[in-house]
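Here is a short briefing to read alongside the model. Please have the viewer open as you go through the points.

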Amino acid sequence: MSLRRRGSSASRGSRIGFAIAAIGVFLAAPLVGGARAAPPPPRIVVAGLTFPTGGARSGPIATPRAFPNLTFDRPVALAAPADGTDRIFVVEQGGRVKVFANDDRVGVASVYLDIAARVRAGGEEGLLGLAFDPDYARNGEVYLFYTAAGLPRRSVLSRFRVSANDPDRADPGSEEVILVVPQPFETHNGGAIAFGPDGMLYVALGDGGSAGDPLGHGQDLTTLLGAILRIDLRGGSPYAIPTDNPFFGRGGGIREEIYAFGLRNPWRFSFDRATGALWAGDVGQDAFEEIDLIERGSNLGWRVFEGDRPFLNPANLPASSFTRPVITYGRADGRCVIGGHVYRGSQHANLRGTYFYADFVSSRIFALVHDGTGVVSNTTVGQVASPSSFGEDEAGELYVLSYGGTVHRIEPSGGGGGAPFPRRLSDTGLFSDLATLTPTPGVLEYEVNAPLWSDGAVKRRFIALPGNDRIDFDERAPWRFPVGTVLVKHFELPLDVTRPSGPRRRLETRVFVQEQPGWAGYTYVWNAAQSDADLIDARRTDAFTVADPAAPGGTRQQTWTFPGRSDCTSCHTAAAGSVLGVTAPQLHRGGPTGPSQLAAFDGLGLLDRTPDLAAVAALVDPHDARVDLDRRARSYLDANCAGCHRPGGPTPVTLDLRASTPLLDTGLVARPAAGDLGLGPDAAIVRPGDRARSVLVNRVARRDAKAMPPLGSHLVDAAGVALLGDWADALPPPPAAEVTFAVTMPRTVWGETVMIVGDDAALGRWRPRWGARLDTTPWSFPVWTGKVRLPTGRRIRWKAVIRGIRGELWELGSDRDLHTDPAGLPTVVTASFRDEVPTAILARAPRALGAGETLRVVGADAALGRWDPAAAPALGVDPADPTLFRGRIVLPSRMEHRLKLVIVGAGGGVTWENGADRSLIVPAQYHPYSLDLGAFR
C-alpha cells in the first residue's frame, strides 16, 4: 500500500472548532458478502465545544515550556555552573549530558559528555546526578553520579574535566573515580549530588532496595546506603572526611562519610541559596511520601517509620526518636515524590522563598512555605507530565523537567486569560442529547480491541480533533495529537450482575484534553437524577448497591473511585505518549485489508498518512476463547499494565509489557526485584508452568497496597486472573536460560582473552576456542562479564580459562557446578578465582608399571588429592619409555606445595611410594609452568 504524507493546518484560540465525522457505527460495521463497507461520509466541521487549551487553570503557577525547540531522552537533572556563561546542562538517564544557551530560541543542544557505554540505564538506574565544582570557571571540574555497566551492581561517583579546546565538551577520558558503592538491587540508588555552601560535596544514596529495605540499611551506620554523605574533595585523595561530620571518629565500623541517615530513596535534594537549608524528598514505600529538612546527624527514621507512621517498629519507638518530616502526603496526592528547590530567582518576587516539589506519578506540583520553625502553607499549584527533577539556571530561576523530554519554567500564573473550563458536562458541547448520550454530530465514537479492566463498568469512547488537523500516525509507536484534541471515556455500572444489559448507573465521563502544556484530565461525575455530570477537582469515592446472588442477602456495596485532576497521569504516562487506547494495535479491528477503524480514520483524513494495515500488530479481546491464549494474555497485559511497564516508564522495575515485545525480552521470566509476596525463593515474576509461584498473577489477584494495577480499582478481575494463571501454567520453559557470568580475575590480563568453558555445547565442550568469551572495561575491571544461553534445568560443569596471546592456556582452578533454573529464569553466576598455574609434570618411575597400576602425584593441595592416592591425578606413560610419565596439574601460584609420587595397584592400594615428600613453590607467571620431578627411587 502506498503511503502519503498530508499537510496540517489549524488556527488556535481559547475556544476551538472541531472537524470530524459522526460514523460511530460505521467503524465496527462488518463486511457483507466480502465487500467493503460503504465509504465514510465527508469530514465536517463542528462548532460548539468549549474547552480552553491554554492550560492556565492548573493552579496559581504556570509551567510554560522552556526551550521549545529542544527535546531530551529521559531527562533527570538540570544544572548550571557559576561561570558567567549562562548555559543550561541537562542530564539524560542513558548516559549523556547536553549543554545549550539559556535562550528560548536555541535550536540545538550539544553533547557535553557521553559516557553511555559505562552506564547501566533503565528503571531507577542510569546517569543520575551532576554537580559543577564551585570553582568550575577556573578548574573545569564536574562530578557525575551513575550506575556502572556490568556486574556487580554499583554506583560510581567520578570527576571529569572540561576539554582544553572546547568549553562545551568535557573529556570522557579524564574520569577519576572518587567513590564506588556496591548496590544489592536495581532500585533505590538515590543519585542526587550537590556542593553545599560549605564547599563540601553531598551525595544521596537510597537504601539499595528492595521493597521494605530487607537488608536493614536505613538504620545501619556501617553502610553508606540509606544516607546522605558529606565528603571533602580537596582535603585528600580521592577524598577526605570532614572532621566535623557527625560520626567522625566513632569507630566500630561506622562510616564517617555519613551526614544524615534513615532514608529510603532521597532521589532529589537541594540547598536553599539564601539560607543554606538542605531540603530533600524521600520516596515512600506503600503509603506515604515525605519532604525533609536535613540536619547534621539526623536520623529520618526509615524503615522504622515511613513518613511519620510506623512501618517496621517492633520496639514501638515513638516518632520523637527520629527527625520528623516537614510534611508527608498519601496516595491520594501521589506515589513518588520529586524533591525540588526553594525559589530564589529575581524575576518573580511573589514566589521567592517558596519550596516547589512534585510527584512523578500524579504529575502534581506543590508549593510549600516554611517560616523556619514550621509549615505555613502547602498546596497543589500546578501540573507537569511525569516531572523527574527540578533545576536552577545560573541566576536562580527555576525549571522542572518532564521525563517525556521537555523543560518547563516555574512562574506565576497569568490567571488564565481565556474562558473558564466548563463545570458541567452539558456545557462542554460534547453531546447533543445527554439523556441518550448522543454525541454532537462530528464527535467520533470508537472501540478498542483490549479494554482496560474497570471494575466491571461498561464504557463508551469518543474522540474529536480540532479544525482540519491530523494525527501524527505510527503503526507501532504512540501517536502524536494536535493541541485541542479531546478524548472522552464514559462509564456506567451494571446494577445487577445477572443482567449485564439490565439497569445501569451512569458513574462518570472523563475528558482528556491536549492543551498547550500537555495532556490534562478532567472528571465529570453524574448526579443522582442522572441528568447531568459535574466537574470535580479532587479524587472522590462513593459506593453503589449492586444485586449479586453471591453476596450475603443478595446485594453488595461496590466502591467506586472518581479520579481527581492529577490522577489521570498516573496511568497516562509520558512514556506511553500519554494516550493509551488510541493506538494502531487497539484500533485496528479487522484484517490487513479491512474493515478497520484505522481505515475509517484514514478515509476521513484524520491521519497524516495512509496506514500500512499489514504492519499493525493488533491486540485481541483477552476473553475471546477462539483466540490463541498467549495473544490474549499479552493483549491483557498491554492494555492494563504497559502504560507504566515499558521503556522510560515510571516504575522502579525494568519490565516491558507491550504485546509487541518478545516474551524473553519483557523481563517477565525473571526473579522479582520488588518482593516475592511470600511465594518463596523459587518465585518469579512469571514462572512458566506454575501460576502459584508467579508474582504477577498474585498481584493482579489482590486489591491491597501490593496489587497491580495499584490505582482506582476495588474489585479483582477474576476473569483476568484466570486468564493470566492459565497462561502462566501453559508457558513452556524456554529451551535455554540466560546465564550471566561475572568472574573476578586474580590479575591483570593484557592482550589475553577470558573464556568460560564447560561440558555444554554453548561452552565449547571444554574447548577454549569455542567457549563463551567474557569482557571487561576500565570501569568494571577486575570483573569480567558475559552472557550465554544454556539449557534449562541442567547441572553444568564449567571453569574460567585465559587464552594467551600465543594461544597457550591458563586455567583458573578446578571446574565448578552450575544448576540452571528449570523454568528458564535468568541466572547470575559470580565467582572469584585464584591465580593458578597449569603445571606440566615430568617424572621417572623406578620401574615399569604392572597391569592395572597407575603412577599418581599426591600432596597437600586439593588438586593433589590432599594426600589421598585414590583422589590424586594420574600421570600418563610415555609410549617410547615405560618408566617415563607425563601429566598436567593446575596448582595455585605463590604457594608451597608438598608432594610425592606413588604407584597405586589395580585394587586401589599403594604398591610403591617414593621416600620423603618434596617441596614445590609454583611461581607467579603468565604461562604454563613445567616441573621435572626427576627420577624416584
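This is a predicted model: local features need pLDDT of at least 70, side-chain atom pairs count only at pLDDT 80 or more; totals for chains, interfaces and linings use all residues.

Residues are numbered from 1 along each chain as its sequence is written, and side-chain values use heavy atoms, with hydrogens and water left out.

**Strand β24 and its partners**

- Strands here are DSSP runs (E, at least two residues; helices are H or I, at least four), numbered from the N terminus, and two strands pair if DSSP finds at least two bridges between them.
- β24 and strand β25 (residues 364–370) are antiparallel partners, with four bridges.
- Their hairpin has four residues between the strands, and serine 363 takes a positive phi near 70 degrees there.
- Strand β23 (residues 337–342) also pairs with β24 in the antiparallel sense, again over four bridges; histidine 341 stands opposite phenylalanine 356 in β24.
- Is β24 buried or exposed? Five of the five residues of this strand (residues 355–359) are buried, so β24 is largely enclosed by the rest of the structure. Buried means under 20% relative accessible area, exposed over 50%, and partly exposed in between, with a 1.4 Å probe and protein chains only.
- Tyr355, Tyr357 and Asp359 point one way from β24, whereas Phe356 and Ala358 point the other way. In a regular strand the side chains alternate between the two faces of the sheet.

**Aromatic rings and charges**

- Rings of Phe, Tyr and Trp (its six-membered ring) pair if their centres lie within 6.5 Å; planes under 30 degrees apart count as stacked, over 60 as edge-to-face and the rest as tilted. The count by this rule is 28 aromatic pairs.
- Tyrosine 357 and phenylalanine 366 have ring centres 4.8 Å apart and planes at 15 degrees, so the pair is stacked. Both tyrosine 357 and phenylalanine 366 are buried.
- Tryptophan 479 and phenylalanine 481 make a tilted pair, with 6.2 Å centre to centre and 40 degrees between the planes; tryptophan 479 and phenylalanine 481 are both buried.
- Ring pairs link Trp279, Tyr329, Tyr355, Tyr357 and Phe366 into a cluster.
- A charge sits over a ring if NZ of Lys or CZ of Arg is within 6 Å of the ring centre and within 35 degrees of the ring normal. The charged end of arginine 268 sits over the ring of tryptophan 267, 3.8 Å from its centre, and that of arginine 264 sits over the ring of tryptophan 302, 5.7 Å from its centre.

- Strand β41 (residues 736–744) runs antiparallel to β44, joined by nine bridges, and alanine 737 stands opposite leucine 790 in β44.
- Another open sheet has four strands in the order β13-β14-β15-β16, with antiparallel pairing. Its edges are β13 (193–195) and β16 (258–261), each with a single partner strand, so one side of each is left without a neighbour in the sheet.
- Five bridges pair strand β14 (residues 201–205) with strand β15 (residues 227–231) in the antiparallel sense; leucine 201 stands opposite isoleucine 231 in β15.

**Confidence**

- The protein averages a pLDDT of 88, and 90% of the residues score at least 70. pLDDT is the predictor's confidence in each residue, from 0 to 100.
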